[in-house]
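I'll jot things down as I look them up.

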Amino acid sequence: MAAIDILVATTSGNTEYLADQLANQLQQAGHSTNMHYEPDYSNLIEALNPNSVWLCCVASHGAGDYADSMLDFAEELHQHKPSLTRLKYGVIAVGDSCYDTYCAAGRDCDAMLAILGAKRLITHLEIDMSQDDPDEKSSTWLETFIKSL
Ligand SMILES: Cc1cc2nc3c(=O)[nH]c(=O)nc-3n(C[C@H](O)[C@H](O)[C@H](O)COP(=O)(O)O)c2cc1C
């Protein structure tokens, strides 16, 4: 059974709600979860170990920026470029297709973690808040994520 750190990028709370639902689903599957509603870069990097798994739930805001709660984390990740070879991860990108920069922050998160050497467990999910049922889509994706652990 895995211990999963759930990193949340939210401004108006939709992604926090989604992340809480996913934590419940992971726990029901027998895994433990640790919520990071304002991910702390130093703490998360220092805590990395060969069993580390991150589930990043990332809303885009501004012009494709990370939502407020993860802005600092993203800035530090880009600045310091740590080696993440011990990390496994999955990303759920939350956005709205009416923006040209659709899901840009989630896509950046997914790409950055791979560039820094982390192992992508499955292809990232994109949730279009104007078209999709976020609960259903993320829950189905999470079933595949769980199988990949
Ligand atoms: C001011 C503003 C800017 C946004 N910019 C983007 C964007 O660049 N790309 C995108 O895909 N979605 C964008 N969105 C849509 C949000 O990602 C979407 O509303 C999401 O549900 C917000 O999640 P949150 O409640 O967790 O913050 C924007 C929304 C707002 C209100």
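This is a predicted model: local features need pLDDT of at least 70, side-chain atom pairs count only at pLDDT 80 or more; totals for chains, interfaces and linings use all residues.

Which side chain has an N or O atom 2.8 Å from an oxygen atom of the ligand? I found that the side chain is that of His 61. I'm counting polar contacts as pairs of N or O atoms within 3.5 Å.

Residues are numbered from 1 along each chain as its sequence is written, and side-chain values use heavy atoms, with hydrogens and water left out.

A polar backbone atom of Ser 60 is 2.7 Å from a ligand oxygen, and one of Asp 96 is 3.1 Å from a ligand oxygen. The protein buries 81% of the 640 Å² that the ligand exposes when taken alone (Shrake-Rupley areas, 1.4 Å probe).

I get 20 residues surrounding the ligand, with a heavy atom within 4 Å as the cut-off. Thr 10, Ser 12, Thr 15, Ser 60 and Thr 101 are the closest. By type I have 12 polar, 7 nonpolar and 1 charged; Gly goes with the polar ones in this scheme.

Which elements supply at least two shell residues each? I noted α1 (14-28), β3 (53-61) and β5 (88-95), taken from DSSP runs (helices H or I, at least four residues; strands E, at least two). β3 gives the largest share, 3 residues.

Last, the record: UniProt, in an unreviewed entry, lists residues 4-146 as "domain: Flavodoxin-like". Over that stretch I read 39% helix and 25% strand, with the end C-alpha atoms 11 Å apart.

Methods
A polar contact is a pair of N or O atoms within 3.5 Å; within protein, one must be able to donate a hydrogen and the other to accept it, and residues adjacent in sequence count only if both atoms are side-chain atoms. UniProt positions are given in the numbering used here, feature names are shortened, and annotations may be inferred rather than shown by experiment.
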